[in-house]
Amino acid sequence: MIDRLAAALQFDQEALNLRHQRQQILANNIANADTPNFKARDFDFSKELSRAMDSGRPAGGGLALSTTAAGHIAGGGGSAPVGDLLYRVPDQPSLDGNTVNMDVERTRFADNSVRYQAALTMLNGRIQGLKSAMQPE
Amino acid sequence: MSMFSIFEISGSAMTAQAQRMNVTASNMANADSVAGPNGEAYRAKQVIFEARSQNGSGVGGVMVREVIEDPSPMRREFRPDHPLADDQGYVTMPNVEPVSEMVNMIAASRSYQANVEVLNTSKQLMMKTLTLGEN
């Protein structure tokens, strides 16, 4: 029962998780807009989402539990970074080697925020649907 | 990456940009300081930004690596009646370039604003996430 519930929510969960990761990466691009030799990063959302759905999140990253006895389970905590973190192709290279284009980053950030909210709304709707299915008449 | 590291990323950028603005303010204030504590004219300062990396993922905000002294040559003015003039009548003035300092300040404040915006948007999204599944 519980695993079916988890499976019903998995797609929205992965989508929300990736939106959050992208939000962080774009925030990092904006934060480093004046850093010499910083290269703007991003990832292909649809590719990462289909990979997360097919084969789970990439291993590594996040905090791992330390195992001090034979019976301990190596639990992985936190979400790993995305598998394929790409570099953005600059359309106006700057002298200091920085490839952040503030306009592009800010529009992507706004776009990603709206999509994050959309994913949130969708997940909320699914939870509401499951909840109302569980209600007695 | 924790859920709240986005605050750390934008926060680090705000700290760095604020430091850049501080340095600019110091440069502007000392644009005519012919003598500092070491007896020499003030040298313009510049901050060097460096991208911070968090557990190798390349996403981790920004920090000020160091504050350097501007290596450009000092300005020399011919003022023979000045008490600090050398034997040829020249006074060594700070190498502060007021125009580029103003440009620097505007750029820093715009970057700061962009990061505040990022922070606000992210905070709103987090608040919405916290009420997920209610009502």
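1. Throughout this note, two residues are in contact if their C-beta atoms, placed from the backbone, lie within 7 Å. This is a predicted model, in which local features need pLDDT of at least 70 and side-chain atom pairs count only at pLDDT 80 or more, whereas totals for chains, interfaces and linings use all residues. Residues are numbered from 1 along each chain as its sequence is written, with chains lettered from A and ligands numbered from 1 in the order in which they are written.

2. Chain B contains two helices and four strands, arranged from the N terminus as α-β-β-β-β-α; helices (H or I, at least four residues) and strands (E, at least two) are DSSP runs, numbered from the N terminus. Its radius of gyration, taken over C-alpha atoms, is 22 Å, well over the 14 Å that the globule rule (2.2 Å times the number of residues to the power 0.38) gives for 135 residues, so chain B is more spread out than a compact globule. Along the principal axes, the C-alpha atoms of chain B fill a box of roughly 80 × 30 × 20 Å.

3. Of the 135 residues in chain B, 27% are buried, where buried requires 20 or more other C-beta atoms within 10 Å of the residue's own, exposed 12 or fewer, and partly exposed a number in between, with C-beta atoms placed from the backbone. Among contacts in chain B with a separation of 6 or more, 58% join residues 24 or more positions apart.

4. Asn27(B), found in helix α1 of chain B, counts as buried because it has 24 C-beta neighbours inside 10 Å. Beyond its neighbours within four places in sequence, Asn27(B) is in contact with Ala44(B), Lys45(B), Val96(B) and Glu101(B). Between Asn27(B) and Ser122(B), 95 residues apart in sequence, the C-alpha to C-alpha distance is 34 Å.

5. Between the chains, 30 residues of chain A are in contact with 29 residues of chain B. On the chain A side, α1 (2-31) and α3 (102-134) are the elements giving two or more residues, and α3(A) gives the most, with 10 residues.
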